[in-house]
Amino acid sequence: MKTPTLKIENLKLGFKGFSGTNAVLHGISLHIAKGEKVALVGESGSGKSVTARIVLGLLQEQKNAKITGGLEFESRNLNAMTARQRKALRGTDMSMIFQDPTSSLNPVYTIEVQFHEVLKRARPDLKRAEARALALQALADVAINEPERVLDSYAFQLSGGMNQRVMIAMALANNPALLLADEPGTALDVTVQAQTLKLMGELVEKHHTSVLFISHNLGVVREFADRVYVIYKGNIVEQGKTETLFDNPRHPYTRALLSAVPRITGGGIPDIDDDPAHFSAPLIAHEGFSEKELLA
Ligand SMILES: Nc1ncnc2c1ncn2[C@@H]1O[C@H](COP(=O)(O)OP(=O)(O)OP(=O)(O)O)[C@@H](O)[C@H]1O
Ligand SMILES: [Mg+2]
């Protein structure tokens with residue numbers, strides 16, 4: 001096998017607190033080949049975001065986080081790096097897209113200024129005019145029709161979908177080897193989310209970018225990912241090619257995840273050892289309302 005872009009081996013994470021250590025990851029292993037789009041799916045609190053934060057070297061800076069296990073990025077041992085070396089990788093060799101595009105952008109600077117900052121991370125000597133030309137091209141690549149106007153705008157002047165495209169353009173501007181996308185676009189409406197994810201998929205394919213795609217929306221995962229890891233309470237319980245895993249889930253939790261229909265009760269994905277009756281919970285729980293109020 002060729003060298004993977006990312007290789008995680010037996011990664012464990014615990015947070016030290018007053019009453020001992022709270023174990024969050026129990027030894028997860030995963031790899032992403034060059035140009036591969038890999039999804040990490042699991043319920044809320046299963047350990048998806050902390051995994052991304054460790055890859056980015058962010059949790060290593062948190063005093064009470066205890067991290068062990070192998071972490072290799074393009075054959076480089078991330079554990080052996082200093083905080084400064086890890087910081088140098090962020091925004092250049094690896095970049096991140098977050099859930100809410102509008103709040104990820106800085107409200108007091110124009111898109112152009114923020115773009116320039118991003119580009120300067122890889123090319124510190126870049127002149128303003130050169131940066132503008134590169135940014136215009138990057139915005140055109142994410143199918144923005146009026147890149148000039150967008151560059152001169154502030155995030156609040158643009159729609160959520162437009163800001164998401166800007167975020168994608170910025171994240172890919174320095175041609176990173178790895179893109180970490182943590183619930184991208186969940187703050188957007190579903191049609192816009194689907195459009196931007198499609199666009200992101202095309203761009204990463206064009207540039208052979210490896211992607212770690214985090215989501216609990218199995219619909220978008222099926223569309224986007226080549227391979228899927230299922231995480232359950234800090235353990236990888238199943239992995240496989242997207243088609244195979246969706247068509248023939250083996251682990252009971254994966255089956256539960258696939259069979260669970262989103263419910264407005266906010267109950268999330270039921271425990272695998274839960275009563276099966278749980279699966280057919282009513283769609284809407286009118287808690288706190290009397291029947292009279294509902295009928296009024
Ligand atoms: N900085 C932190 N300090 C202490 N505990 C943390 C920290 N970050 C996360 N945790 C805990 O680690 C566990 C995993 O959190 P994580 O954010 O990775 O979940 P997730 O799978 O991304 O969930 P969601 O789908 O809700 O985003 C949770 O129990 C969370 O409370
Ligand atoms: Mg998360």
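The axes are lines fitted to C-alpha atoms, for helices over the stretch in contact, and the angles run from 0 to 180 degrees between N-to-C directions. Helices (H or I, at least four residues) and strands (E, at least two) are DSSP runs, numbered from the N terminus.

This is a predicted model, in which local features need pLDDT of at least 70 and side-chain atom pairs count only at pLDDT 80 or more, while totals for chains, interfaces and linings use all residues. Residues are numbered from 1 along each chain as its sequence is written, chains are lettered from A and ligands numbered from 1 in the order in which they are written, and side-chain values use heavy atoms, with hydrogens and water left out.

**The whole chain**

Begin with the protein chain as a cartoon, where twelve helices and ten strands can be found. Of its 296 residues, 45% are buried, a word that means under 20% relative accessible area, whereas exposed means over 50% and partly exposed lies in between (1.4 Å probe, protein chains only).

**Helices 4 and 5**

Next, select residues 111-122, which form helix 4, together with residues 128-141, which form helix 5; their axes are 9 Å apart and the angle between them is about 100°. Helix 4 and helix 5 are therefore roughly perpendicular to each other. Show the side chains and look for contacts (heavy atoms within 4.5 Å): Glu-112, Phe-115, His-116 and Leu-119 of helix 4 meet residues of helix 5, among them Arg-128, Ala-131 and Leu-134. This contact has seven nonpolar, one polar and three charged residues, where Ala, Val, Leu, Ile, Met, Phe, Trp, Tyr, Cys and Pro count as nonpolar, Asp, Glu, Lys and Arg as charged, and the others, Gly among them, as polar.

**Helices 7 and 8**

Now move to helix 7 (residues 160-172) and helix 8 (residues 190-207), whose axes come within 10 Å and cross at roughly 15°. That angle is why helix 7 and helix 8 are described as roughly parallel to each other. In helix 7, Gly-161, Gln-164, Arg-165, Ile-168 and Leu-172 take part in the contact, and their partners in helix 8 include Val-192, Leu-199 and Leu-203. The residues of this contact divide into seven nonpolar, four polar and one charged. An α-helix has 3.6 residues a turn, so residues three or four places apart point the same way.

**Helix 1 and the glycine after it**

Select residues 48-55, which make up helix 1: six of its eight residues are buried. Thr-51 lies in this helix, and it counts as buried because its relative accessibility is 0%. Leaving aside neighbours within four places in sequence, Thr-51 is in contact with Ile-8, Leu-25, Ile-28 and Leu-40.

Helix 1 is followed by Gly-57, whose phi is positive, near 80°. Gly-57 sits in the loop between helix 1 and strand 4 (65-73).

**Helix 9**

Finish at Val-220, which is found in helix 9 (residues 218-224). Is Val-220 buried or exposed? With a relative accessible area of 13%, Val-220 is buried. Not counting residues up to four places away in sequence, Val-220 touches Gln-193, Leu-197, Phe-213 and Ser-215.

Key. Parallel < 35°, antiparallel > 145°, perpendicular 65-115°, else oblique.
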